[in-house]
Amino acid sequence: MDAPADPVTAPDLLPTLHTPDAAALRAAVLDKLNYAVGKNPRVANNRDWFVATALVTRDLMVERWMASTARTYQEGRKRVYYLSLEFLVGRLLRDSLGNLGLVGPMREALSGLGVDFDRLRRLEPDAALGNGGLGRLAACYMESMASLAVPAHGYGIRYDHGLFRQAIKDGWQREYPEDWLQFGNPWEFARPEVTYQIGFGGNVDAIPAEGGKRRHVWRPQETVEAVAYDTPVVGWRGAHVNTLRLWSARASDPLRLDAFNAGDYIGALADRVRAESISKVLYPSDETPAGRELRLRQEYFFTAASLQDIVRRHVNQYGDVSTLPDKVAIQLNDTHPSIAVPELLRIFVDLHGIEWSRAWELTQATISYTNHTLLPEAVESWPVPLMERLLPRHMQIVYLINARHLDDRRVEGRDDPAFLSSVSIIDEHDGRRVRMGHLAFLGSHKVNGVSALHSALLEKTLFHDLSLVHPGRIVNKTNGVTFRRWLFDCNPGLTKILVDALGPKVLDDPDALRGLVPLAGDSGLHDRLAAARRANKVALERQIAEDLNVQVDPDAMFDAQIKRIHEYKRQLLNILETVARYNAIRAQPMKDFVPRVKIFAGKAAASYHMAKLVIKLAGDVARHVNDDPSVRGLLTVCFMPNYNVSLAEAIVPASDLSEQISTAGMEASGTGNMKFALNGALTIGTLDGANVEIGERVGDDNVFIFGLKSDEVAKRRSLGIDASETIAASHKLREVVEAIGSGVFSPEEPDRYRGLVDALTHHDYFMVCADFDAYCAAQDAVDERWRNKAQWWKSSALNTANMGFFSSDRAVREYASEIWGAKIGTGS
């Protein structure tokens, strides 16, 4: 943790841990309200009570934090450092109290003060530290590492404004800054004493050294300060607490006083604005050269600060940097922190005088890399001129890594120019660029995908030639989610059913869910499951009415697709089927349609025009369908704005059907699919990502799989992606496409979706048209299952029962034993 620094605490100084009762908590909250918030209970508002409650909760975590840190030092245990550009932690009050086992006592304590605990929960802003699955996975793994007592630090950026706050204005997405830090963050501790200088630009001097060698010294032109902020991450039952350390950028000189006194008030702040822009927002637009440079500056900033902190801590405790791999495991969460490879080499070689070959061995032994995508735009590469200007010493190191790597290939007899080009870190095509995925692959001892299919495709496609050079380096670690947040916290009704049926062991052992299998056909269980689901749907019904002024039927099927808006995730396919369903309801009024509530949520990247157009189409279809009296309540469409963790916690336990319909071969894993299935939703999806493994575990009869497989997608693309014949051959699809293209859903602007329809027709890269009929058939099968309530709830129970494998605890255990070489602890 560094609480506040890194002392080796003597055993007799360890705090005595205690679990307070409601009366003690009530007194503690009043104390914080008076002395930390500065308010009298008579005039305190809900936010004052929230801050006081959060501070009391934090104090209880700090006791365990101190003990966990001291124990790690005393035992000399290997630490894990998880570097991620995103940590989507969500709200922390309920999560932290849940892991401490104090939700009930705190609720009672606040009730005695006339304060509603649930109202306070809703006041807490979601920490704007991530965008989607990547950041949420990092948060799950941090919680699981704490729950398993694996000593760990998470490292990232303390974004002032996160990605953006999404609002829907006239159907269009609008982006506004997140203001989650507007009133401070009661969970964090500022660490002004933990500050590092981060350099950019400048030049590299070669200085004569002993033995006729030369020592390289980087002299940056610009430096920015990285200031640490720590948040404790408490594990299940409070047994261990780890640290999430986030870096905030600060100018070395906050004000040029000479310029200010000369009357140039704006110019006097220019350096400060430039420096602090690094930690302002997540994923600034990279459409401009300045935006691309800012992204690289962000990635190097947090990676360099983290590595300095890691090496400082290790040397302080062990004295010898060359033992780093024995006590440190660094996990790169995707390619964003892959600059860690040359930075760690620079630290070893330039700052500690370690010979290159030995430094390379130490680097590889310390670092491992998780790849999260096969999408070319997400596997980063940087223009060589940008790297040379911004990070000149690192570019020298990259050149040397690459030269030695290619020389080794030639020695092995792999001297074919095409092969060498494919494995080179430098991409010579279409402008010279540094392939950051290649750099991370070569600088790591293990590279993992995040589902069985994804890992196989990594070896077959993206890293095919590199895996020939380094067989066995690619391993699979299927993603997982923490059951504490995604079942116990967000779905207490289902949790109580599970505890009543299986005993309290289900709270500690995810595999205990298997005990539900022999009970899955029990009608009494079905009734309880249905009642718990309906209660969750009623709660979501109220939220939809409040946010959208749309009334939904809690007895209808809630059909949800909530995730980042992207063409490969195919929200468009769902919308097309929604239009087809709408057409059928109007054309066949005597048919027995299953009532549906279609729920969409997700953000589109600010510069992603097609994704934003899909959001607009979803809104136009929703408006048209919801206002049509002939639909008779059989179909309602909702697009819920500003998707975040808290919104997911409301939608997931209320959903009956989980839409996981990405183009096969393009979704690395997914974790939303796991959360829905854990809560008993049935999956409709393609054989993509972790859908494959979910289907294998819950049984083919309990999921609805459709569409082309990944190899069939590749074959179809090779034959051409014009979908004109496919559309012509499907009356249903043709009718839908013509309606959208002709302006039925946009009468005020009939040509609004003409470009979208043209792209679908002539460039069906994501196989929306190709999979449409199969998707509709799968939806018909869903309706049939829904009509048979006994079968539906049996399938629901079997989904929950077979999800133990997808716990993030299992994933962390696998990382610890097979990649990090770290031991699972025993807690306090």
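Modeller: Let's start with a term: the radius of gyration here is taken over C-alpha atoms, and the globule rule is 2.2 Å times the number of residues to the power 0.38. Keep in mind that this is a predicted model, where local features need pLDDT of at least 70, side-chain atom pairs count only at pLDDT 80 or more, and totals for chains, interfaces and linings use all residues. Residues are numbered from 1 along each chain as its sequence is written, and side-chain values use heavy atoms, with hydrogens and water left out.

Colleague: Okay, so what radius of gyration does the protein have, and what would a compact globule have?

Modeller: For 828 residues, a compact globule would come out near 28 Å; the protein has 27 Å, so the two agree. Along the principal axes, the C-alpha atoms fill a box of roughly 90 × 70 × 65 Å.

Colleague: How many helices and strands are there?

Modeller: Helices (H or I, at least four residues) and strands (E, at least two) are DSSP runs, numbered from the N terminus. The protein has 33 helices and 22 strands.

Colleague: What percentage of the residues count as buried?

Modeller: Buried means under 20% relative accessible area, exposed means over 50%, and partly exposed is in between (1.4 Å probe, protein chains only). Here, 60% of the 828 residues count as buried.

Colleague: And how do I read contacts along the sequence?

Modeller: A contact means heavy atoms within 4.5 Å. Take the contacts between residues at least 6 apart in sequence: 77% of them join residues at least 24 apart.

Colleague: Which residues does N491 contact, leaving aside neighbours within four places in sequence?

Modeller: Those are N536, P653 and N679. Now for polar contacts: a pair of N or O atoms within 3.5 Å, where within protein one must be able to donate a hydrogen and the other to accept it, and residues adjacent in sequence count only if both atoms are side-chain atoms. The side chains of N491 and N536 make one at 3.1 Å. A polar atom of the N491 side chain also lies 3.3 Å from the backbone nitrogen of L494.

Colleague: Where is A604?

Modeller: A604 sits in the loop between β18 (596-601) and α23 (609-626), and at 1% relative accessibility A604 counts as buried. Not counting residues up to four places away, A604 touches several residues, including F164, Q173 and I615. A604 and E175 are 429 residues apart in sequence, yet 9.7 Å apart in space, C-alpha to C-alpha.
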